Structures are given as structure tokens and as C-alpha cells.
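Please find below a short note on the structure you passed along. It is set out as numbered points.

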Amino acid sequence: MVGEGAVAHALRRAVGTRGRMVLLVVTIGVGLAAAALTAGLPSGERTVATVGELVHGAVSVPLPFVGVLLANDLRRFPDAGVRATIAAAVSIAVVVGLAGDALSVAALAVAGSTAPDPWAHVGAIAVAGVLVQVLAQLVGTGLGLLIGRPAWACPATIVLPLGAYALLTPLAAVRDWLTPYAALRAVLVESPGGPGWARWVSAALLWGVALNVVGARRIRATGGGRW
């Protein structure tokens, strides 16, 4: 079990400096900026799915930096728990995901749409938006555990997932099951509420679970953090 006090302590670390608070504000600000772009979409293309992809895709870029910084704290505070740190990071991702959902719904409501069914699968897409941010954050914690320097780990959260997507493009069937961006599109745009969930689970097992397990083993082997 993960102690509530340990999770609360990790959450406090997430806002423990001005820079970290600015990072969280910037993350939401990126979502606001993306939501504002909804007005520029052709009216017939404005749906909760396309707006959700725009907003959540944008937010998922800076959010993993939060996970990187929290994971890196385990090197400076050996008594901090790996599980509590990951739980805190996921909690932040859930809140950010819900904020992204709210921005998407508000942007579509304000901009209006002439699409045949702009609100199709809105419930499934709202859940998917949260899961997209959870996976993005787990990429951040995993790479933060594996890479000792945040200055390297933060850009790696962008370069490695998108690089894998690009490299696997000739093998679309493999790419669609093994990369976070393909998982995002699967649950938000291509098949919300349908078979896309299995693709999210596949990507999450690789980039979320496996990456963090390997990272946790590495950081514990070097004397940082405890379970």
C-alpha cells in the first residue's frame, strides 16, 4: 500500500518551487491556447474528438516534465518512495486530464459546429483524455527514473515517443500498438469507445508500466528511493 502522507509529500514537491508551479501553469496555459485554436477549425470538422485531440495532444507535451522532476527527486531524497512519487504524478495527470476535458467541451460549445454529430462519444472521449495524460505522465516518471539529468530526460519525453512513432510508420500495424501518440489517436479520434482501448493498454504496458519498472530498479540499484 502507498501511504497517503507519502503521496501528499510528493504532491507538495510538485509545487515546491516557483519553477515547478510555473511549469504546471504553463501546462494548463498550453491547453488553453490549443482550445482557442478550435475557432480556426472548419466548422464541419469541429467535434469533441478533434478538439480533444488538439487540446490533449498539446497538454501531453509539457506534462511529462512534471513526472521527470518528481522522479528525479528520488536521487536527492533517498527516503522518498517510488510508488508514492508515481502515484502523485498520476494524480496530477488525472487532474490535468479533467481540465483538458473541460477546456475541450467549453471550446466546442463556444465555437459551435456544423458537423453531423459533434458530441459523439463525449463520455468515452472524456475518459480517454484522462488516460492520455496518465500515459504521458508515466513516460515522464519512467524516463526521470532512468535518466539522471532532467535536462536530458525532459526532451527525451518528446523525442523518444515521437521518434518511435516516426520510425515505425512503415510498420503501421506495429506502430499503432506500441507508441503513445498512436494510442492517443486511437482513443480520442479513430475509435473512441471501441477497439482503440486495447491499443492504449498495449502502449501503456510498454511506455508506462515496463519503463517505470525498469527505471525503479535502476534508481534503487544506485541507492535512490525506496518502494
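This is a predicted model: local features need pLDDT of at least 70, side-chain atom pairs count only at pLDDT 80 or more; totals for chains, interfaces and linings use all residues.

1. The core. The largest nonpolar core has 49 residues. Those with the most contacts inside it are Val55, Val66, Ile92, Leu135 and Leu188. Helices H2 (18-36), H3 (48-59), H4 (63-76), H5, H6 (122-146), H7 (150-167), H9 (180-190) and H10 (196-221) each give two or more residues to this core. H6 gives the most, with ten residues. As general background, nonpolar side chains tend to be buried together in soluble globular proteins.

2. Contacts of Val66. Leaving aside residues up to four places away in sequence, Val66 touches Leu23, Leu24, Ile92 and Gln137. Ile92 is also listed with Val66 among the core residues with the most contacts.

3. Helix H5. This helix covers residues 82-111, 30 residues in total. From its first C-alpha to its last it reaches 43 Å, close to the 44 Å expected at 1.5 Å a residue. Gly112 follows H5 and has a positive phi, near 75°.

4. The surface patch. Leu171, Val174, Trp177, Leu178 and Leu206 make a nonpolar surface patch of about 430 Å². Helix H8 (residues 172-178) gives the most to the nonpolar patch, with three residues.

5. Leu178. Patch residues need over 30% relative accessible area, and Leu178 is one of the residues that make the patch.

Note on methods
Residues are numbered from 1 along each chain as its sequence is written. Side-chain values use heavy atoms; hydrogens and water are left out. Helices (H or I, at least four residues) and strands (E, at least two) are DSSP runs, numbered from the N terminus. The expected span of a helix is 1.5 Å times one less than its number of residues. Patches are made of residues with over 30% relative accessible area and no salt bridge: like charges are joined within 9 Å, nonpolar side chains (Val, Leu, Ile, Met, Phe, Trp, Tyr) within 5 Å. Accessible areas come from the Shrake-Rupley method with a 1.4 Å probe; for residues, only the protein chains shown count as cover. A salt bridge is a side-chain nitrogen of Lys or Arg within 4 Å of a carboxyl oxygen of Asp or Glu. A nonpolar core is a set of buried Ala, Val, Leu, Ile, Met, Phe, Trp, Tyr and Cys residues joined through side-chain atoms within 4.5 Å. Buried means under 20% relative accessible area, exposed over 50%, partly exposed in between (1.4 Å probe, protein chains only). Contact means heavy atoms within 4.5 Å.
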